Amino acid sequence: MELNPLFMERCLQLARNGEGFTKPNPLVGAVVVHNGKIIGEGFHRQYGEAHAEVNAIASVEDSTLLRESTLYVSLEPCAHHGKTPPCAELIINREIPRVVVATGDPNPKVSGKGIAMMRESGIEVTLGMLEKEARELNRIFFVNQLYNRPYIILKWAQSSDGFMDYIRKPGDGKSPVIISNTMTHTIVHKFRTQVQGIMVGTNTALLDNPQLTARKWFGDDPVRVVIDRENKIPADASLFDGTVPTIVFTASLPSATAKKEYVKYIEIDFTGNICKQISDRLYDEKIYSLLIEGGAQLLASFIEKEMWDEAYVEIAEKELQSGVEAPAIQGDAASFRKYPGSVQFHLKSKITRNFH
C-alpha cells in the first residue's frame, strides 16, 4: 500500500486537542483513509473515555468502507481491558485490512501486544512513521512507563542579571518582585492544566501564600505539593483552603487535631535524598507529571540531582542588581519565545532529549 505521512501528521495534530484532559493517559490521534481520502478521524478526548481509534472508526458514515481502508494512529492500539475495551480487538472486528502506527506503546500491558494481535489476525501493520514526532508528543508518558517516575518540569522567571526576587523574610511586609508579565503569567496557568502536580518549597509558601491553581486558563487544577519540614505553614494558608487536594512532605506528621481536610501528609527523611523520595512517593500517589515553580533552593536541588526533564526559564529585561540568585542550569535549548519585556527559554535534559 502507498503510505502518506500527511495522514500521520493529521493524527498528531488531532492528538494535541486532548492536551490537558487525557493525563495520565497519552495523547493519541487516529484517521481512517479510503482511496487517499480521510473518511473518519478522532482523538482521545478525556481520561477514561473512548480512545482515538474508537472515535475515528465511529465517525465513518459508511462503515462498509472500513474493509477497504487504512487506519493511521499515532500510538500502538491497546490490547488489554482497562477503562475501555482493547482497540486492537475493535480494529480486528471491523475488518480494517491495513494499520499504520507511529510508535509502539511503552506500557508493559501493551508494548507490542497490540501490533502482534493485529498481525496474527492478518492485518497489514506498518510501524515507525513519524516515530520521533510521536514520541516527542508523549514524552511525559514515555518517561512514566520507562523510568517509573513523574515527568518533572521546572519553571521560573529571573531578571536579566540573574535574580529571581529581592531578599525577603516572612512578616517583613515586602511584596515579591513582579518579573513575569500578564501574558507569560497566563501561559504558566496553561502549563498547570497540563500536569498532575505543582510544587513549591516552604519559603515560597510562607512568603507568597500562593494558590497554585489554574484559574487563568480552562482546565483542571493540579494537585498542590509543598515541602514543610517543620510544619511551619499556617493553617489559614491558601494551600490549605480545601479547594484543591494538597500533599505536604514533612519530617514529622502533625497531630490529628492539626491535620486539615483535603491535605495528605507524607513523612520523608530529610537527611537522605529528598528529591528521590519526593519523586518516588508522588509516583506512588499516581502523580505522573510535576511542575516545580520554586523557590530557588528547591529548583537548584532538583537540578543538582539531575532530576528534571524540561525547564522553562523566563528572562526579563529588568535588572535587580541584588537579591535571590536564580539557579544555574545546563540543557539543550529546545526553543525560545519572545514576549513583551522578556524571553522564555525552553530547555531539555539529557533524558528528555531521547524523546524527540
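Start by selecting N209, which sits in the loop between α8 (202-208) and β9. Helices here are DSSP runs of H or I with at least four residues, strands are E runs of at least two, and both are numbered from the N terminus. N209 is not a glycine, yet its phi is positive, at about 45 degrees. (Buried means under 20% relative accessible area, exposed means over 50%, and partly exposed covers the range in between, using a 1.4 Å probe and protein chains only.)

A quick note before moving on: this is a predicted model, where local features need pLDDT of at least 70 and side-chain atom pairs count only at pLDDT 80 or more, while totals for chains, interfaces and linings use all residues. Residues are numbered from 1 along each chain as its sequence is written, and side-chain values use heavy atoms, with hydrogens and water left out.

Jump to E306, in the loop between α10 and β13 (310-316). E306 is another non-glycine with a positive phi, about 55 degrees.

Now select G294 and G295: the peptide bond between them is cis, with omega near 0 degrees. G295 belongs to the loop between β12 and α10. For another cis peptide bond, go to K23 and P24, where omega is about 5 degrees. P24 is in the loop between α1 and β1.

**The nine-stranded sheet**

Colour the strands next. In what order do the nine strands of the open sheet run? Going across, you pass β11-β10-β9-β8-β12-β6-β13-β16-β15, with mixed pairing. (Two strands pair if DSSP finds at least two bridges between them.) β11 (263-267) and β15 (332-339) are the edges; each has a single partner strand, so one side of each has no neighbour in the sheet. From one strand to the next, the twist averages 20 degrees. (Axes are lines fitted to C-alpha atoms, for helices over the stretch in contact, and angles run from 0 to 180 degrees between N-to-C directions.)

Zoom in on β9 (residues 223-227) and β10 (residues 246-250): they run parallel and are joined by four bridges. Pick V225 and you'll find its bridge partner in β10, I247.

Then show helix α9 (residues 274-284), which packs on this sheet and touches β8 (197-200), β9, β10, β11 and β12 (289-294). (Contact means heavy atoms within 4.5 Å.) The direction of α9 makes about 145 degrees with that of β10. Helix α10 (residues 296-304) packs on the sheet too, touching β6 (151-158), β8, β9 and β12, and its direction makes about 135 degrees with that of β6.

**The five-stranded sheet**

Slide over to the other open sheet on the tour, ordered β2-β1-β3-β4-β5 and again mixed in its pairing. β2 (37-43) and β5 (124-127) are its edge strands, each pairing on one side only. Its twist averages 15 degrees from one strand to the next. Strand β4 (residues 98-101) runs parallel to β5, with four bridges joining them; V99 has V125 as its bridge partner in β5. Helix α1 (residues 5-15) packs on this sheet, touching β1 (29-34), β2, β3 (70-73) and β4, and its direction makes about 145 degrees with that of β1.

**Aromatic pairs**

Show the ring side chains: the structure holds five aromatic pairs. (Rings of Phe, Tyr and Trp, the last by its six-membered ring, pair if their centres lie within 6.5 Å; planes under 30 degrees apart are stacked, over 60 edge-to-face, and the rest tilted.) Select F7 and Y72, a tilted pair at 5.3 Å centre to centre with 55 degrees between the planes. F7 lies in helix α1 and Y72 in strand β3, so the pair ties together parts 65 residues apart in sequence. Both F7 and Y72 are buried.

Next come F336 and F345, whose ring centres are 6.1 Å apart with planes at 35 degrees, so this pair is tilted. F336 is exposed, at 51% relative accessible area, and F345 is partly exposed, at 30%.

**The two domains**

Finally, colour domain 1 (5-141) and domain 2 (148-355) separately; the bounds come from an automatic or database domain assignment. Their C-alpha centres lie 35 Å apart.
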